[in-house]
Amino acid sequence: MAYSVTTQTPASRIASIAGLILIIALVALPFFAGRGPIQDMFFILTMLVLAQFWNLLAGYGGLVSIGQQAFVGMGAYALFGVVILLGLDPVPSILLAGVAALIIAVPTAFFAFRLNGAYFAIGTWVIAEVVRLLVAQWKTLGGGTGTSLPRSATKDMWFVEIIEETLGVRSAAARDILAYWLALVLALATIGGIYWLLRTRRGLALAAVRDNMEAAKSVGVDAARMKWMVFLTSAFGTGIAGGLIYMQKARISPDAAFSVTDWTAYVIFIVVIGGIGTIEGPIVGVLVFFALQSLLADFGSWYLMTLGVLAIAIMLIAPRGLWGLFSERTGIQLFPIRRTLRGGKLSETKE
Amino acid sequence: MIWVDTIIQGILLGGLYALFAAGLSLVFGIMRLVNLAHGDLIVMGAYLILLLVTLLGLPPFLAAAVAMPVMFCLGWALQKFLLNRTLGDDILPPLLVTFGLSIALQNALLETFSADSQRLPTSALTTASVQAGPISLGVMPLLTFASAVLVIIALNQLFYRTELGRAFRATSDDATTASLMGIKPANIFATATGIALVIVTIAALYLGLRANFDPNIGPARLIYAFEAVIIGGLGSLWGTLLGGIIIGVAQTIGAAVNPEWQILAGHIAFLLVLLVRPRGLFPRAND
């Protein structure tokens with residue numbers, strides 16, 4: 001029997017079948033769920049995307065950013081800009097939102113990479129503030145008070161009419177369903193893309209840089225290039241998510257779109273609670289986060305206080321998060337990236 | 001003449017920012033820890049002073065003196081029981097724990113004191129001004145700046161003239177070797193954070209006397225403090241003062257041109273320094 005190198009485990013094979021069934025169920029959700037659950041799922045999926053990209057940055061790239069709101073806000077404003085000023089359709093504009101975030105990510109990285117570790121974190125935050133203050137000066141998009149997407153643009157959006165006819169729903173509900181499906185595609189592409197990236201040569205290099213930068217450099221990994229790649233990828237994805245979130249909201253203001261609480265604090269808590277440095281972590285984290293939010297929604301600031309204290313407790317007691325605890329006990333990984341040797345005389349498994 | 005006035009006001013404002021930054025600089029210099037809750041601790045200090053003023057009827061300066069030992073103990077305990085556990089090679093735990101602390105503290109203040117903005121009671125002293133030629137200077141801004149200079153002189157004396165300062169420097173250079181000489185790094189770190197929170201109390205006093213405050217302004221104070229520290233160069237206290245002055249002058253000049261540009265001008269000055277001198281104006285040799 002020939003040797004083979006694989007990253008699959010029995011658990012991951014079961015997970016991929018279960019995942020496929022879950023995806024089919026999620027795609028079909030609008031056919032039997034009401035508008036409330038669709039909006040909740042949209043929120044969960046978009047937060048999941050933001051969390052995955054922050055996790056890629058911090059968990060794999062070792063770059064703790066507190067300035068992700070710069071890319072959410074920039075993506076959102078780029079979408080509003082091209083829709084309002086150029087009259088483009090909002091759906092394809094989502095891609096341009098990613099491009100806009102990518103464009104501001106280049107100078108951001110140029111400045112922020114001059115700062116190390118903790119100072120990088122606050123540096124990204126300062127730059128996000130600069131972008132927010134500059135955008136607030138943009139009078140054609142409402143300046144500090146913000147603006148709305150014109151009704152004509154949201155009414156004739158791509159696919160909305162087809163969804164209205166096939167599902168027999170009103171225009172507003174059809175827009176929510178469209179946003180939900182786009183969020184689902186984005187979330188699947190994000191998880192799939194990050195999983196693919198981590199299994200390639202680049203992913204190995206990334207893990208090496210995270211574990212020990214000097215050692216990684218000594219075996220020929222270009223650490224600086226890996227940092228740039230991770231930072232730009234994450235900015236692009238975060239910008240797309242920002243564009244999509246505000247396409248669904250259809251109303252924007254600088255303070256909301258560049259909110260450090262909504263787009264960075266929540267995201268950090270999701271990743272830390274779920275488990276940093278794993279793909280499963282943000283998935284677990286976003287579900288815990290949503291459950292907590294539903295439970296504590298009526299208690300205002302107690303909710304954020306609980307999240308803060310919970311994040312501190314998890315960081316001290318179980319730094320690998322809830323998924324890390326589970327994975328350590330059971331050895332189960334749904335997205336394994338460790339390569340194992342199978343087959344031949346070395347193998348003990350009957351394959 | 002208006003420009004001279006603007007620049008002098010900016011320099012005096014820089015004193016306040018240097019007070020915000022001195023505690024951050026001290027803690028970073030000794031244990032390489034960046035406390036993301038620093039701004040919220042300043043705001044908490046201001047509320048503590050306000051509480052003493054309203055409950056006991058103390059004048060603000062006396063209330064701050066009473067608050068100082070309380071804040072010292074709080075900082076000591078915070079470091080000893082929480083932050084010391086996060087120190088190590090991995091930069092994630094201290095960052096994420098202090099970020100969690102920042103959010104928790106902000107919302108605890110919001111829950112206790114509501115979102116209404118508050119102010120420490122003003123007296124004749126706080127509104128007085130002195131005439132220096134054609135320029136009128138507020139006594140409060142002058143006092144703030146003088147306090148910043150005094151705090152920095154005191155910290156430098158502490159660092160280079162006392163036994164505790166020697167222990168600080170030794171632990172900062174090499175905690176393991178220092179512990180072989182009978183120094184307990186955990187206690188040294190706790191004392192350093194305690195002292196940082198005493199400086200935070202002084203900063204909080206002038207913050208509360210100068211303008212309104214509410215539970216949400218902490219992060220912005222953290223950002224100004226951080227900019228002052230980076231501009232000055234990590235670990236240099238006089239550099240931190242100069243950093244504060246640069247931010248202060250940039251802000252007042254920005255505000256003189258267009259009131260909406262005040263904060264933006266400060267950030268842009270910071271980015272320009274970062275562009276020209278990535279390690280700040282007075283970087284320490286080994287970092």
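**Reading the fold and the interface**

Modeller: Of the 351 residues in chain A, 42% count as buried. The model is a predicted one.

Biologist: Which radius of gyration does chain A have, and which value would a compact globule of 351 residues have?

Modeller: The idea is to compare a chain with a globule of equal length. For 351 residues a compact globule would have a radius of gyration near 20 Å, and chain A, at 21 Å, agrees with this. The C-alpha trace of chain A spans about 70 × 50 × 40 Å along its principal axes.

Biologist: What does the secondary structure of chain A comprise, and what share of its contacts between residues at least 6 apart in sequence joins residues at least 24 apart?

Modeller: Chain A has 16 helices and four strands. Of the contacts between residues at least 6 apart in sequence, 75% join residues at least 24 apart.

Biologist: What backbone feature comes just after H11(A)?

Modeller: A:Ala250 takes a positive phi of about 60 degrees there, although this residue is other than glycine. A:Ala250 lies in the loop between H11 and strand S3 (251–252) of chain A.

Biologist: Where does B:Ser114 lie, and is B:Ser114 buried or exposed?

Modeller: B:Ser114 lies in the loop between H4 and helix H5 (124–127) of chain B. Its phi is near 65 degrees, again a positive value in a residue other than glycine. B:Ser114 is exposed, since 12 other C-beta atoms lie within 10 Å.

Biologist: How is an interface described, and how many residues of chain B are in contact with chain A?

Modeller: The size of an interface is often given as the accessible area lost when the parts come together. Here the description is by contacts: 30 residues of chain B are in contact with 32 residues of chain A. On the side of chain B that touches chain A, helices H4 (92–113), H10 (218–232) and H12 (262–276) each supply at least two residues. The largest share, 14 residues, comes from H4(B). By type, the residues of this side divide into 23 nonpolar, three polar and four charged.

Notes
Residues numbered from 1 in each chain as written. Chains lettered and ligands numbered in written order. Predicted model: local features only at pLDDT ≥ 70, side-chain atom pairs only at ≥ 80, totals over all residues. Contact = placed C-beta atoms within 7 Å. Nonpolar A, V, L, I, M, F, W, Y, C, P; charged D, E, K, R; others polar. Rg over C-alpha atoms; globule rule 2.2 N^0.38 Å. Buried ≥ 20, exposed ≤ 12 C-beta atoms within 10 Å, placed from the backbone.
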